[in-house]
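Subject: Structure for your files

Hello,

Here is the structure I said I would send. My notes on it follow below.

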Amino acid sequence: MKLACQIFNAEAVNVEAVNVEAVNVEAVNVDRKSTWLVWLHGLLGSGNDWLPIVNACNQYTSLVIDFPGHGNSADITITGGFAEMSKLLNETLLVHQVHDYWLIGYSLGGRIAMYHATQNHNNQQRLRGILVEGGNPGLFSQQERDARLLHDRRWVQRFREEPMLEVLADWYQQPVFADLSPEQRLRFIHLRRQNRGSSIAGMLENTSLGHQPWLVPALQKLAVPFVYLCGEHDQKFKEIVKQYALPSKIIPQAGHNAHSSNPAGFSAAVNHFLSLFG
C-alpha cells in the first residue's frame with residue numbers, strides 16, 4: 001500500500017491519497033467521526049472532479065474514487081461489466097474500512113451507484129442511501145439496449161482509433177450536453193484531453209447503458225433513501241424522474257453536470273438531504 005498526503009486547498013484538510021491493489025482513492029477529512037460519503041465520477045472524469053463538493057461537505061469523511069481507466073486508475077481495467085464494478089467497489093470499501101456509507105454518483109457513477117444499491121447484499125457494510133446526478137436507471141426493452149450497444153460501440157472505436165481532441169469535440173456535442181455554453185464545452189474538452197483513449201474505450205465498452213439492467217422497479221422499492229439531483233436545464237433527466245416517479249431535487253442554474261455548473265447549489269442540496277437522516 002502506497003500512502004501520500006496532499007492538501008488541495010486551505011479547507012481540504014486531512015487528505016490521504018492511497019493506491020490499493022486496484023483503483024486509486026483519496027480519503028478526505030479522515031478525522032471526522034461520521035458516516036462516509038463515497039463519490040463516484042462520470043465517464044472521462046476522475047475523483048478530482050468532486051473535490052469542490054467534498055470540501056463543501058467537510059463535516060463528513062469522504063472517499064473519492066478513480067474508476068478503472070480514469071485518473072490515477074488509468075492502468076486498471078475491468079472485463080466483467082457492472083457485476084465486476086460493484087464487486088470492486090465492495091472490495092475497495094472493505095480495504096479502507098468503510099462500513100457505513102452513502103454513495104454519491106454522477107452519470108456513469110450514478111448508474112454504478114444505482115446498480116450497487118439494488119444488487120448489493122454485503123452484510124459487512126451498511127449502505128445508508130444513494131444520491132444520483134444524471135445517471136440513467138436503464139433501458140426497458142432489449143431492442144433499446146441493443147441500439148445503445150451499437151451506439152456506444154461506435155464511440156468505443158473512435159476512442160481507440162482517433163485523437164482524443166477530435167473525439168471529445170464531438171462527444172460534447174451530444175444532446176445531453178446541449179445546455180453547455182461554447183466556453184464550458186471548450187473547458188471540458190481541455191480538462192478531459194489527458195485521458196487515454198484505449199482506457200476510456202474499455203470502460204465504456206464494459207459499462208455501456210446497453211449492458212445495464214432495467215433498474216426502475218428495484219429503485220421504486222429501494223429500502224434506503226434515494227434522491228435524483230437534477231439540473232433545472234437537464235430536460236432529459238427531468239423527464240426520466242417524472243416518467244418513473246423517482247424522488248428528485250432540482251438544482252437551479254445547472255444542466256446535466258450540475259455539480260460543475262452550480263457547485264454551491266449542488267453542495268447545499270447534498271448537505272440538506274443528508275441532514276434529513278442524521
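**What was found**

Phe 140 sits in the loop that runs between strand E7 (126-133) and H4. Please keep in mind throughout that this is a predicted model. With a relative accessibility of 58%, Phe 140 counts as exposed, the cut-off for that class being over 50%. Setting aside neighbours within four places in sequence, Phe 140 is in contact with Arg 145 and Trp 214.

**Helix H7 and what covers it**

Helix H7 covers residues 197-206, and eight of its 10 residues are buried, so H7 is largely enclosed by the rest of the structure. The buried residues are Gly 197, Ser 199, Ile 200, Ala 201, Gly 202, Met 203, Leu 204 and Asn 206. Which helices are included in the cover of these buried residues? They include H2 (81-95), H3 (108-119), H4 (142-161) and H5 (164-171).

Two of these helices, H2 and H3, also form a pair. Two packed helices are described by the angle between their axes and the distance between the axes. For H2 and H3, the axes come within 10 Å and cross at roughly 80 degrees. An angle of 65 to 115 degrees counts as roughly perpendicular, and H2 and H3 are therefore roughly perpendicular to each other. On the H2 side the contact is made by Phe 82, Ala 83, Met 85, Ser 86, Leu 89 and Asn 90; on the H3 side by Arg 111, Ile 112, Tyr 115 and His 116. Sorted by class, this contact has six nonpolar residues, three polar and one charged.

**Aromatic rings**

Over the whole structure, a search finds 14 aromatic pairs. In one of them, Trp 155 with Phe 159, the ring centres are 6.3 Å apart and the planes are at 40 degrees, so the pair is tilted. Both residues belong to helix H4 and lie four residues apart, about one turn of the helix. An α-helix has 3.6 residues a turn, so residues three or four places apart point the same way.

Elsewhere, ring pairs join Trp 39, Trp 50 and Phe 266 into a cluster. There is also a charge over a ring: Arg 187 lies over the face of Phe 188, at 5.0 Å from the ring centre.

**Two residues with positive phi**

Most residues other than glycine have a negative phi, and most peptide bonds are trans. Asn 29 has a positive phi, near 60 degrees, and is not a glycine. Asn 29 is found in the loop between strand E3 (24-28) and strand E4 (36-40), and is buried, with a relative accessible area of 1%. Leu 44 is not a glycine either, and has a positive phi of about 80 degrees. Leu 44 is in the loop between E4 and helix H1 (51-56), and at 1% relative accessibility Leu 44 counts as buried.

**Helix H11 and the segment after it**

Ser 267 is part of helix H11. With 4% relative accessibility, Ser 267 counts as buried. Not counting residues up to four places away in sequence, Ser 267 touches Ile 53, Ala 56 and Cys 57.

H11 spans 263-275, and Leu 276 lies in the segment after this helix. Leu 276 is exposed, with a relative accessible area of 53%. From C-alpha to C-alpha, Leu 276 and Asn 24 are 31 Å apart in space, and they are 252 residues apart in sequence.

**His 233**

His 233 is located in the loop between strand E8 (226-231) and helix H9 (235-243). Its relative accessibility is 44%, and His 233 counts as partly exposed. Which residues is His 233 in contact with, leaving aside its neighbours within four places in sequence? They are Asp 179, Gln 253, Ala 254 and Gly 255. His 233 and Leu 131 are 102 residues apart in sequence, with 19 Å between their C-alpha atoms.

Regards

Definitions and conventions: Residues are numbered from 1 along each chain as its sequence is written. This is a predicted model: local features need pLDDT of at least 70, side-chain atom pairs count only at pLDDT 80 or more; totals for chains, interfaces and linings use all residues. Side-chain values use heavy atoms; hydrogens and water are left out. Buried means under 20% relative accessible area, exposed over 50%, partly exposed in between (1.4 Å probe, protein chains only). Contact means heavy atoms within 4.5 Å. Axes are lines fitted to C-alpha atoms, for helices over the stretch in contact, and angles run from 0 to 180 degrees between N-to-C directions. Angles under 35 degrees count as roughly parallel, over 145 as roughly antiparallel, 65 to 115 as roughly perpendicular and the rest as oblique. Ala, Val, Leu, Ile, Met, Phe, Trp, Tyr, Cys and Pro count as nonpolar, Asp, Glu, Lys and Arg as charged, and the others, Gly among them, as polar. Rings of Phe, Tyr and Trp (its six-membered ring) pair if their centres lie within 6.5 Å; planes under 30 degrees apart count as stacked, over 60 as edge-to-face and the rest as tilted. A charge sits over a ring if NZ of Lys or CZ of Arg is within 6 Å of the ring centre and within 35 degrees of the ring normal.
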